[in-house]
Amino acid sequence: MPDNKNPRVHAEMLPALAAAVGPTTKILAIGSVTAKGTPEAIAPVLPHEVRATVRNHLAGKIEQWFFQTEGYGVVFIVNAKSTAEAHELLEKLPLGVAGMMEFELIALGPLAPLAMLIGEPPRT
Amino acid sequence: MSRALDKCAVRAHPLIGFARAVGFVAMLAAVGPAASRAQSPSSNLDVPTTKLLAIGTFTAQGAPDKWKPLLAAEVRDTVRLYLAGKIDQWYLKQDQSGVVFMMNVTDPKEALELLGRFPFGQAGLMEFQIIPLGPIAPLRVLLTEPAK
């Protein structure tokens, strides 16, 4: 079970849900610009950032990429087995190295409750 | 439905979004050639909203004894929304706090309405944060060609 740092998770439900959790298959990465990331600071780095991102896509690491259309930032779906693996990948991006972008990482797995449809309800 | 809407939040604050958009346009103007500056400034940033990221999280009321009896119905409604073409991708959050959907919906209100009809939403057990998404706009940097 991954470390639970999310205050919105209620301890009493964790044992009940644990049985329903499958493997981590993707990491959702929500990238936001930090206070250091002023337009002037970002401008010279951006072409490098874009190229590094494309390289990660071509390497099969960043599977999906999106721009947040109501705010400045990006959303990636990363092929990684843990948030640590995704963190290592994303912190090497130029804006990450420069401390101008940081990512909220959410580990994702298959929608386990679908098992209910095949006659295997999550164990309790 | 109105309760669901009240409880749900669209992530972006318009004012912050605007400020950041202005900053981004300045950024692109700095890296782009004269040709891009000749266009309307916003055209550098404009990408349409094509998807919504919906992050569902159990509320304080969402204890197992509340959601367990509803789970089978919740799953079926989720599959129905997928079959209707509205949910494009579905995931379980591994920290066990809820689900993540990528939705083929561009209006956050529509998404919140659809998701608010689910049993968990009706019972106030889960709420969704919506993040509107579009094509990765900075990719446009790669299209800037040297001046002829």
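Start with Ala54(B): its bridge partner in β4(B) is Phe101(B). That pair belongs to a set of six bridges joining strand β2 (residues 51-58) of chain B to β4(B), with the two strands running antiparallel. This is a predicted model, so everything below is computed from predicted coordinates.

Strand β4 of chain B covers residues 98-103, and six of its six residues are buried. β4(B) also pairs with β3(B), antiparallel again, through five bridges. One place to look for that pairing is Ile87(B), whose bridge partner in β4(B) is Met103(B). The hairpin of β3(B) and β4(B) has four residues between the strands, and Gln96(B) takes a positive phi near 65° there.

| Strand pair | Sense | Bridges |
|---|---|---|
| β2(B) and β4(B) | antiparallel | six bridges |
| β3(B) and β4(B) | antiparallel | five bridges |
| β1(A) and β4(A) | antiparallel | eight bridges |
| β4(A) and β3(B) | antiparallel | two bridges |

The last row takes us across the chains. β4(A) and β3(B) are joined by two bridges, and Gly109(A) has Leu92(B) as its bridge partner in β3(B). Within chain A, strand β1 (residues 26-33) pairs with strand β4 (residues 101-109).

**A closer look at Asp88(B)**

Asp88(B) sits in strand β3 (residues 87-93) of chain B. Beyond its neighbours within four places in sequence, Asp88(B) is in contact with Lys51(B), Met102(B), Met103(B) and Asn104(B). Its C-alpha atom is 9.2 Å from that of Val105(B), a residue 17 positions away along the chain.

In chain B, helix α4 takes in residues 64-83. Why does its length make sense? At 1.5 Å a residue, its 20 residues should span 28 Å, and the end C-alpha atoms are 27 Å apart, so the two values agree. That said, α4(B) has a kink of about 55° centred on Leu71(B). Its buried residues are Trp67(B), Glu74(B), Val75(B), Thr78(B) and Leu81(B). They are covered by elements of chain B including β3, α5 (108-116) and α6 (119-122). Just after α4(B), Gly85(B) takes a positive phi of about 85°.

In chain A, helix α4 covers residues 83-91, and its buried residues are Thr83(A), Ala86(A), Leu89(A) and Leu90(A). Looking down the axis of α4(A), those residues fall within an arc of 125°, so they line one face of the helix. They pack against β1, α3 (46-58), β3 (73-78), α5 (94-97) and β4 of chain A.

Nonpolar side chains tend to be buried together in soluble globular proteins. In this model the largest nonpolar core has 62 residues, and the ones touching the most other members are Ile27(A), Ala29(A), Val78(A), Leu52(B), Ala54(B) and Ala111(B). The largest share of this core, six residues, comes from β4(A).

What does Leu52(B) touch, residues up to four places away in sequence aside? Its contacts are Met103(B), Val105(B), Thr106(B), Pro108(B), Ala111(B), Ile130(B), Ile131(B), Pro132(B) and Leu133(B).

**The chains overall**

Chain A has five helices and four strands, following the pattern α-β-α-α-β-β-α-α-β along the sequence. Of its 124 residues, 38% are buried. Chain B has six helices and five strands, and from the N terminus its elements run α-β-α-α-β-α-β-β-α-α-β. Buried residues make up 39% of its 148 residues.

What share of the contacts in chain A with a separation of 6 or more comes from residues 24 or more positions apart? For chain A the figure is 70%, and for chain B the figure is 70% as well.

Conventions: Residues are numbered from 1 along each chain as its sequence is written. Chains are lettered from A and ligands numbered from 1 in the order in which they are written. This is a predicted model: local features need pLDDT of at least 70, side-chain atom pairs count only at pLDDT 80 or more; totals for chains, interfaces and linings use all residues. A residue is buried if 20 or more other C-beta atoms lie within 10 Å of its own, exposed if 12 or fewer, and partly exposed in between; C-beta atoms are placed from the backbone. Two residues are in contact if their C-beta atoms, placed from the backbone, lie within 7 Å. The expected span of a helix is 1.5 Å times one less than its number of residues. The bend at a residue is the angle between axes fitted to the seven residues ending there and the seven starting there. Two strands pair if DSSP finds at least two bridges between them. The arc is that of the directions from the helix axis to the C-beta atoms. A nonpolar core is a set of buried Ala, Val, Leu, Ile, Met, Phe, Trp, Tyr and Cys residues joined through C-beta atoms within 7 Å.
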